[in-house]
Amino acid sequence: MKVRGFITHKKAEKYEDCQDYFAINKNKGRLAISDGMSQSIFPLWWAEELVHAYVDNDWLPDQSKLMSLRENWQNRVNEFLESQKQNGKPTWMLENCLTEKRGAGATFCGICFKNDKEWDGYVLGDSCLIEIDSNNHITKIYRTGKEEFNNNPDYFDSIIGGKGEVDIISGTLEKGVKLLLVTDALAEFLYSKKGNETEYVCHLLQIEKHDEFCELIDEWRESESLHNDDTTLVIIEYDESTCLEIFVKDDLANLCDTLDNRAENACSNAADDDSKGKKCVNAWIDSSKNSANNLLEPQRSRLLSTLLGMEERVKIYKNGQTSEM
């Protein structure tokens with residue numbers, strides 16, 4: 001089975017702000033996605049906990065089987081709280097949330113292949129599994145909740161409660177059939193195109209690189225009213241192999257090392273060390289301009305925009321206006 005996985009953030013935000021998460025365990029034949037709810041605290045940590053519990057530790061998703069996962073999430077939050085206190089930063093807002101038992105929420109969808117064709121899985125909320133036939137028509141969208149897509153999906157909660165009950169799903173990946181694991185923005189988009197979806201499905205199936213995914217999502221946000229939200233896509237295609245073969249897999253941790261972060265680091269170096277810092281910044285700008293030629297639009301435009309901003313900041317520094325750095 002050929003597997004490709006992609007993720008991107010909201011427009012005008014960074015990968016550090018992304019609350020979607022996915023993982024693939026090739027050896028166990030497991031894949032999962034989760035969408036951390038942005039109006040909760042540390043939703044990405046909770047999404048990570050759910051996904052890795054399923055793909056790595058054989059967790060059976062259920063509202064009654066969250067104790068150890070909640071403890072892990074709480075321990076991570078406590079470590080963060082302690083570090084903030086040690087650095088003299090205020091923590092009262094976060095502590096109030098925990099006291100009032102307002103934690104993180106996240107939707108979930110995960111599947112496990114029992115052999116080269118048969119799979120079963122679990123879904124809660126609007127992180128969905130979409131089944132595509134050999135003609136690229138949508139045959140089934142697996143999610144919970146009978147209402148239309150909205151801002152109140154079923155979810156797992158990191159402290160107490162939650163919403164909705166998990167659906168157990170199963171199926172067979174036959175020749176020509178594709179499975180898409182998608183978070184809510186893309187799920188709702190494809191749902192809205194049902195009956196005229198083949199063109200859009202074809203575009204998704206042609207994606208082979210991270211930049212191509214980002215370019216398509218940006219294009220659909222502008223021209224097709226795709227909701228501006230963190231977006232995850234995992235494609236599974238039957239190819240007669242007996243195990244998962246990962247062709248492409250975006251890594252959120254690596255993507256968080258963004259151009260903006262590197263620009264800020266270079267700028268900080270310039271402020272700390274006069275000659276060395278300016279050489280570092282100028283070298284970074286020159287090399288990045290060269291690499292921009294190998295990027296697709298709109299990523300190339302974003303990089304060049306970042307570089308122009310950096311050049312202006314270097315000019316300010318050279319003129320002695322260090323307060324701007």
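A charge sits over a ring if NZ of Lys or CZ of Arg is within 6 Å of the ring centre and within 35 degrees of the ring normal. This is a predicted model, in which local features need pLDDT of at least 70 and side-chain atom pairs count only at pLDDT 80 or more, while totals for chains, interfaces and linings use all residues. Residues are numbered from 1 along each chain as its sequence is written, and side-chain values use heavy atoms, with hydrogens and water left out.

Q: What makes Arg143 a charge over the face of Phe149?
A: Arg143 lies over that face at 4.1 Å from the ring centre, and the limit for the distance is 6 Å. Lys2 is likewise placed over the face of Phe247, at 5.0 Å from the ring centre.

Q: Why are Phe108 and Phe156 called an edge-to-face aromatic pair?
A: Rings of Phe, Tyr and Trp (its six-membered ring) pair if their centres lie within 6.5 Å; planes under 30 degrees apart count as stacked, over 60 as edge-to-face and the rest as tilted. By this rule the count comes to 14 aromatic pairs. Phe108 and Phe156 have centres 6.4 Å apart and planes at 65°, so they form a pair and the pair is edge-to-face. The pair links distant parts of the chain, with Phe108 in strand β4 (residues 105–113) and Phe156 in strand β8 (residues 155–157), 48 residues apart. Helices (H or I, at least four residues) and strands (E, at least two) are DSSP runs, numbered from the N terminus.

Q: How do you know whether Phe108 and Phe156 are buried or exposed?
A: Buried means under 20% relative accessible area, exposed over 50%, and partly exposed in between (1.4 Å probe, protein chains only). Phe108 has 1% and Phe156 has 0%, so both count as buried. Both residues also belong to one aromatic cluster with Tyr54, Trp59 and Tyr122.

Q: Why is α1 described as largely enclosed by the rest of the structure?
A: The description holds because 11 of its 15 residues are buried. Among them are Trp45, Trp46 and Tyr54. Just after α1, Asp58 takes a positive phi of about 60°.
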